[in-house]
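Thanks for coming. Let's take a quick walk through one structure.

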Amino acid sequence: MDDEVTSVLFGLRGFTPVHAAEDAEGGELVVTVETATPVLACPDCGGLRTSSRGRRRVRLRDIPHGGRRVRVMWSKRQRRCDDGDCERKTFVEQHDQVGRRRRQTARCRKFVARQVGAESRSVAAVAAEVGMGWCAANSVYVAETAAAGMCDPDRPVTWLGVDETAARRGRRYVTTWLKIARTSD
Ligand SMILES: [Zn+2]
């Protein structure tokens, strides 16, 4: 299978898979990727007089694929700025599909938020499917819904309500907790 077909099937925009294998326990797919278009310019001075300083491996969670959990190993390029007037010594690649200091791909974070929110699945079930801990999955859900303007985790809870909602008409019901923050007395 050629590289372009593999990239399309994996579908992480801007990245090219360079290796894929099952992990030792056989339950997870481990996909090593690199950016399709390397960034060579220094982020501080914009100069192109930079040189390679090897790679750094970043481990990320990604959306499940074919019923298996997926771990992405991003082989990040590290470079050094060779402009003597620039204060930046070294830098590593960044990409909008992986936020800074994030441990999941952006599409994985959206998947978790959608499954817990719109699909009304439990945090525990989604965390297990993706391969995250409960706390990490819950933090992703809260951060993504706050970023989308759907909740404000900093506003205190004044009232807490309980209700039931039909997730699948007449066949499946879920319990809903309603967090109500009062806006005025
Ligand atoms: Zn520079």
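Val-157, Leu-160, Val-162 and Trp-177 make a nonpolar patch of about 450 Å². Keep in mind that this is a predicted model. Look at Trp-177 in that patch. Trp-177 sits in strand 7, residues 172–180. Is Trp-177 buried or exposed? Its relative accessibility is 58%, and exposed means over 50%, so Trp-177 counts as exposed.

Now the metal. Which residues are the protein donors of the zinc ion? They are Cys-42, Cys-45, Cys-81 and Cys-86, each through SG. These donors lie 2.3 to 2.4 Å from the zinc ion. The site is tetrahedral, with angles of 105 to 112 degrees among the four donor atoms. In sequence, the donor spacing reads C-x2-C-x35-C-x4-C. Cys-42 is in the loop between strand 2 (28–35) and strand 3 (50–65), and Cys-86 is in the loop between strand 4 (68–81) and strand 5 (90–92), so this pair ties together parts that are 44 residues apart in sequence. And the cover on those two? Buried means under 20% relative accessible area. Cys-42 is at 2%, so it counts as buried. Cys-86 is at 9%, so Cys-86 counts as buried too.

Last stop, helix 2, residues 106–116. How many of its 11 residues are buried? Eight, so this helix is mostly covered. Among the buried ones are Phe-111, Val-112, Ala-113 and Val-116. The list also includes Arg-107, Arg-109 and Gln-115. What do the buried residues pack against? Helix 1 (3–10), strand 3, helix 3 (123–130) and helix 4 (134–147).

That's the tour.

Notes. Residues are numbered from 1 along each chain as its sequence is written. This is a predicted model: local features need pLDDT of at least 70, side-chain atom pairs count only at pLDDT 80 or more; totals for chains, interfaces and linings use all residues. Side-chain values use heavy atoms; hydrogens and water are left out. Donors are N, O and S atoms within 2.8 Å of the metal (3.2 Å for Na, K and Ca); water is not among the atoms, so sites may look incomplete. Four donors count as tetrahedral if all angles lie between 85 and 135 degrees; four count as square planar and six as octahedral if opposite donors are over 155 degrees apart and all others between 65 and 115; anything else is irregular. Helices (H or I, at least four residues) and strands (E, at least two) are DSSP runs, numbered from the N terminus. Buried means under 20% relative accessible area, exposed over 50%, partly exposed in between (1.4 Å probe, protein chains only). Patches are made of residues with over 30% relative accessible area and no salt bridge: like charges are joined within 9 Å, nonpolar side chains (Val, Leu, Ile, Met, Phe, Trp, Tyr) within 5 Å. Accessible areas come from the Shrake-Rupley method with a 1.4 Å probe; for residues, only the protein chains shown count as cover. A salt bridge is a side-chain nitrogen of Lys or Arg within 4 Å of a carboxyl oxygen of Asp or Glu. Contact means heavy atoms within 4.5 Å.
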